[in-house]
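Please open the model in your viewer and have the selection tool ready.

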Amino acid sequence: MSSNPSRSNPTTDEQASLWAARLDGSVLSTADRAALNAWLAEHPSHREELSRYCQFSADLEQQLPALVESGAVQLPASRLPAHKSWRLKLMLGTSLATAAILAFAFWPSRPATQFENLATPVAQRQAITLADGSQVELNAHTAMQVDISRAERHVRLADGEAYFAVSKDASRPFIVETPSGSVRVTGTKFNVRAENGPNLEVTVVEGSVQVRPGDPATGSAPVQLKPGEKLAATAAGVSVETLSAAALEDTLAWRQGQIVFKGVPLREALARFARYHGRGITATADAADIPIGGRFSLDDLDGFFTGLELGFPVRVTRDLNGTVQVSRRSER
């Protein structure tokens, strides 16, 4: 899981901009490369901040002439080449660092756009920061398309589960579309789980969201959710419940690699682990409805099976092809 860099730290900003300038303008020596690697290893935010400045240096090449002409950025006259090669201006390392810092401060119209397809493999989670500053955490086996422009912010969660911490921007609502409905916000924190066909779960942590279950073409009425509320939409209908602080924590436990069951039928518990690990894990008809409870590590599949056999009247049978079947201990 990655952390978001703090953009209020001027030391990190300055160092990142200087390294970006050196990477863009020269070939690093062995000693320089070792110094860069040491700086990157100091904190996870350093790598993200460096990446941000490297991308910005590429953008700056296109925007620097307008910034200089407008007076927002002033490059030292002694360092300016006589001809109009803006590429050479960018390759002046200290000038780029100065220009980058000034441009971040004086370039309010800098576009935050992004179009990207994201997917997490089985048994892996991922945290990303979108172009608008919003943060997203993806559960395993999740597919998502991000489309952020100057006019709108859209995320299409095709399948899986994601936690969103959306940056506030009243002029650009943030919309999460799923096969089973959509979620609309301007800035808040919430969790969306869109698995198993028509099923949709939306849980709000902060702020408020507007959920429109089902196909938008049907004209279903939107549902407003407040902090601590959870909407569940299935083929049988839509329900909303208010979660206790503990229940809310349990719902989001996957972000720490945990999962909590409270009276969940065995078949559902097995389905969650089967999806997470991409494995065939089933229960016999006689064992499928046994209620399961407890907190388990999503990454420890063998530990989960051991916990089942120790805590419940079941037996776990592993096949040579990798599939697993859970049955009642009394079954033959």
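Predicted model: local features only at pLDDT ≥ 70, side-chain atom pairs only at ≥ 80, totals over all residues.

Residues are numbered from 1 along each chain as its sequence is written, and side-chain values use heavy atoms, with hydrogens and water left out.

**Stop 1: helix H8**

Select residues 301-311, helix H8. Helices (H or I, at least four residues) and strands (E, at least two) are DSSP runs, numbered from the N terminus. Colour Leu 301, Phe 304, Phe 305 and Leu 308, the buried residues of H8; buried means under 20% relative accessible area, exposed over 50% and partly exposed in between (1.4 Å probe, protein chains only). Look down the axis of H8: its buried residues fall within an arc of 95 degrees, so they line one face of the helix. The arc is taken from the directions from the helix axis to the C-beta atoms. On the face turned away from that buried side are the exposed residues Leu 310 and Gly 311. Now show what covers the buried residues, including H7, E14 and strand E16 (291-297); contact here means heavy atoms within 4.5 Å.

**Stop 2: the rings**

Rings of Phe, Tyr and Trp (its six-membered ring) pair if their centres lie within 6.5 Å; planes under 30 degrees apart count as stacked, over 60 as edge-to-face and the rest as tilted. The count comes to eight aromatic pairs. Select Phe 273 and Phe 304, a stacked pair at 3.9 Å centre to centre with 10 degrees between the planes. Phe 273 sits in helix H7 and Phe 304 in helix H8, 31 residues apart. Phe 296 is buried, at 11% relative accessible area. Ring pairs join Phe 261, Phe 273, Phe 296, Phe 304 and Phe 305 into a cluster.

**Stop 3: the second largest pocket**

A pocket is an open set of points on a 1 Å grid over the protein atoms alone, where a 1.4 Å probe fits, with protein on both sides within 12 Å along at least five of seven lines; lining residues have an atom within 4 Å of a point. Select Arg 193, Glu 201, Lys 230, Val 264 and Arg 272, which lie nearest the centre of the second largest pocket among its 29 lining residues. Strand E14 gives the largest share of this lining, seven residues.
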